[in-house]
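Here is a friendly briefing to read alongside the model. It begins with the ligand site and then turns to a few local features.

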Amino acid sequence: MTTASRSESVAGDGRATAGQDLTGRSALVTGGASGIGAACARLLAARGAAVTVADIDERSAKELAGELGARAWAVDLLDVTALEDLRLETDILVNNAGVQRISPLEQFPPEQFRHLLTLMVEAPFLLIRAALPHMYDRGFGRIVNISSVHGLRASAYKSAYVTAKHALEGLSKVTALEGGPHGVTSNCVNPGYVRTPLVDRQIADQARAHGIPEQAVIEQIMLTESAIKRLVEPEEVASLVGWLATPAAGMVTGASYTMDGGWSAR
Ligand code: NAD
């Protein structure tokens, strides 16, 4: 490998390489204490960004922040009133915090439906709103919204989740249009099932409900639509988020990048 090509390569551990270096940039990752968010926080920190891990789970956020030399922000993003007057000085915003609730529509608890929309649509809106003035001042900003294949496709029993992720897609596109003249991009990342605590809980629940082994849940229920029969790893999602944060992705905006093993190719 030549020096030039080596300098453009991505180190396996996510360390900075030329064109991917985020030194001097600040990054905020919501739901950064676990799963995909934690993988994003790790990768952005490894690339040199000053990372803030925002999460309701204060202990885990502090633990990860301590490990990464990052900042922890203990915040309940359901408390949206507190976000209305917020001003965020961040160059990169990863809207990642999310939860799942599974229930048939006619039994779906209205309060839980509202919770999912608040956490996964209203909070991202308020955080984008809080971050844009700083991004506009700097003429640079990267907003990455962790959507889902469920931002593009529906599944039964996931009315609130599918509704919220479809709404996030719209919010991301409007942000792209308004942010474009200011050097701010906004994109969605759309994974299929990712190996995280959120999915581990679903696998265990489904195995109990159907009376089948957990591996059968993964292969026969979760991955029926996927051409590649394995879960996505959080680090794979983070690698795409990391690329979207670089200057090289400056012309990528208003887009939705699937990482779903071919699910949405159908
Ligand atoms: P996870 O459960 O591992 O992590 C979610 C994090 O969000 C947790 O640290 C949790 O404490 C935090 N959080 C939850 N409620 C919060 C609140 N009110 N305020 C602040 N923080 C809060 O989940 P994950 O699988 O890493 O999911 C992250 C994102 O990726 C979600 O938006 C999810 O919808 C999306 N996603 C996940 C998958 C998957 O298969 N795991 C697939 C597609 C999209």
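The notes below are grouped by topic.

This is a predicted model, so local features need pLDDT of at least 70, side-chain atom pairs count only at pLDDT 80 or more, and totals for chains, interfaces and linings use all residues. Residues are numbered from 1 along each chain as its sequence is written, and side-chain values use heavy atoms, with hydrogens and water left out.

**The ligand and its pocket**
- The ligand takes up the space of the largest pocket; on a 1 Å grid over the protein atoms alone, a pocket is an open set of points with protein on both sides within 12 Å along at least five of seven lines. A molecule sits in a pocket if more than half of its atoms lie within 2 Å of its grid points.
- Helices H2 (35-46), H5 (159-179) and H6 (197-210) are the elements that each give two or more residues to the shell around the ligand; helices are DSSP runs of H or I with at least four residues.
- H6 provides the largest share of that shell, with 4 residues.

**Who surrounds the ligand**
- There are 30 residues around the ligand, and Asp55, Asn96, Tyr161, Val194 and Thr196 come nearest; a residue counts here if one of its heavy atoms lies within 4 Å of the ligand.
- By type, the shell has 16 nonpolar, 9 polar and 5 charged residues, with Tyr, Cys and Pro counted among the nonpolar and Gly among the polar.

- A ligand oxygen lies 2.6 Å from a side-chain N or O atom of serine 34; a polar contact is a pair of N or O atoms within 3.5 Å.
- A ligand nitrogen is 3.4 Å from a polar backbone atom of valine 75.
- Arginine 201 has a side-chain N or O atom 3.4 Å from a ligand oxygen.
- The protein covers 93% of the 830 Å² of accessible area that the ligand has on its own (Shrake-Rupley method, 1.4 Å probe).

**Elsewhere in the fold**
- The whole structure holds 7 salt bridges, each a side-chain nitrogen of Lys or Arg within 4 Å of a carboxyl oxygen of Asp or Glu.
- Glutamate 58 and lysine 62 form a salt bridge at 2.9 Å, N to O, and both lie in helix H3 (residues 58-68), 4 residues apart.

Key: Polar contact = N/O pair within 3.5 Å; in protein donor to acceptor, adjacent residues only side chain to side chain. 1 Å grid on protein atoms, 1.4 Å probe; cavity = no way out; pocket = protein on both sides within 12 Å on 5 of 7 lines; lining within 4 Å.
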